[in-house]
Amino acid sequence: QLHLVESGGGLVQPGESLRLSCTISRHTLDYYGVGWYRQAPGKEREGVSCLEISDGATYYADSVKGRFTISRDNTNDTVYLQMNSLKPEDTAVYYCAADYLVTTALAMCVMNPDNLDYWGQGTQVTVSS
């Protein structure tokens with residue numbers, strides 16, 4: 001069983017940065033993938049960026065490529081999403097999720113989110129001037 005807790009959301013202006021944190025209540029994450037997803041009002045939840053724990057492979061949605069970076073700190077069991085050059089269209093609730101026996105980061109990010117094993121509670125990110 002995993003527990004995921006997100007933090008770091010907030011209100012920022014376009015062009016600014018935020019770093020989201022996902023603290024995971026499990027030290028051994030072999031064979032897991034961890035990803036960040038977002039859901040804007042009236043839209044479906046979408047995969048933003050995913051990470052394969054085993055080899056560090058990553059995937060980014062085209063809409064965030066070059067602006068967002070996913071990373072992991074092994075010392076405190078935390079996965080981060082560094083978000084730079086934020087745009088109003090990045091406004092959404094951001095969720096951290098984990099899935100067991102992930103094949104690839106790409107597969108995790110594009111699969112039906114309903115099939116993922118574990119979810120955090122979400123954190124709001126609002127980009128507005």
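Analyst: Start with cysteine 50 and cysteine 109, which form a disulfide with their sulfur atoms 2.2 Å apart. A disulfide here is a pair of cysteine sulfur atoms within 2.5 Å. In general, such a link is a covalent bond between the sulfur atoms of two cysteines.

A word on the source: this is a predicted model, in which local features need pLDDT of at least 70, side-chain atom pairs count only at pLDDT 80 or more, and totals for chains, interfaces and linings use all residues. Residues are numbered from 1 along each chain as its sequence is written, and side-chain values use heavy atoms, with hydrogens and water left out.

Back to the bond. The link of cysteine 50 and cysteine 109 is right-handed, with 100° about the S-S bond. Cysteine 50 lies in strand β5 and cysteine 109 in helix α1 (residues 105-110), so the pair ties together parts that are 59 residues apart in sequence. Helices (H or I, at least four residues) and strands (E, at least two) are DSSP runs, numbered from the N terminus. Both cysteine 50 and cysteine 109 are buried. Buried means under 20% relative accessible area, exposed means over 50%, and partly exposed lies in between (1.4 Å probe, protein chains only).

How many disulfides does the structure hold? It holds two. The other joins cysteine 22 and cysteine 96, whose sulfur atoms are 2.0 Å apart. The torsion about that S-S bond is about -75°, so this disulfide is left-handed. Cysteine 22 sits in strand β3 and cysteine 96 in strand β9, 74 residues apart, so to speak distant parts of the chain that the pair links. Cysteine 22 is buried, with a relative accessible area of 0%. Cysteine 96 is also at 0% and counts as buried. Number the bonded cysteines in sequence order, and the pairing is 1-3, 2-4.

Now the packing. The largest nonpolar core has 31 residues. A nonpolar core is a set of buried Ala, Val, Leu, Ile, Met, Phe, Trp, Tyr and Cys residues joined through side-chain atoms within 4.5 Å. Ile24, Trp36, Phe68, Leu81, Met83 and Tyr94 have the most contacts inside this core. At least two core residues come from each of β3 (18-24), β4 (32-39), β5 (46-52), β7 (68-73), β8 (78-83), β9 (92-100) and β11 (123-127). A second, separate core has eight residues, including Tyr37, Ala97, Ala105 and Cys109. In soluble globular proteins, nonpolar side chains tend to be buried together.

Tryptophan 36 is found in strand β4. At 0% relative accessibility, tryptophan 36 counts as buried. Tyrosine 94, leaving aside neighbours within four places in sequence, is in contact with residues including Trp36, Tyr37, Arg38, Phe68, Leu81 and Met83. Contact means heavy atoms within 4.5 Å.

Charged residues come next. A search of the whole structure finds four salt bridges. A salt bridge is a side-chain nitrogen of Lys or Arg within 4 Å of a carboxyl oxygen of Asp or Glu. Where is aspartate 90? Aspartate 90 is in the loop between β8 and β9. It is buried, with a relative accessible area of 1%. Aspartate 90 forms a salt bridge with arginine 67, the closest N and O atoms being 2.8 Å apart. The pair links distant parts of the chain, since arginine 67 is in the loop between β6 (58-60) and β7, 23 residues from aspartate 90. Both partners, aspartate 90 and arginine 67, are buried. Salt bridges that share partners join Arg38, Glu46, Arg67 and Asp90 into one network.

Glutamate 46 counts as partly exposed at 33% relative accessibility, while arginine 38 counts as buried at 6%. Another salt bridge joins the side chains of aspartate 62 and lysine 65 (3.1 Å, N to O). Aspartate 62 counts as exposed, at 66% relative accessibility.

Last, the surface. Tyr31, Tyr100 and Leu101 form a nonpolar patch there, with about 360 Å² of accessible area together. Patches are made of residues with over 30% relative accessible area and no salt bridge; like charges are joined within 9 Å, and nonpolar side chains (Val, Leu, Ile, Met, Phe, Trp, Tyr) within 5 Å. Accessible areas come from the Shrake-Rupley method with a 1.4 Å probe, and for residues only the protein chains shown count as cover. Tyrosine 100 is found in strand β9 and is partly exposed, with a relative accessible area of 40%. Leucine 101 is in the loop between β9 and α1 and counts as exposed at 55%. Phi of leucine 101 is near 60°, a positive value in a residue other than glycine. Most residues other than glycine have a negative phi.
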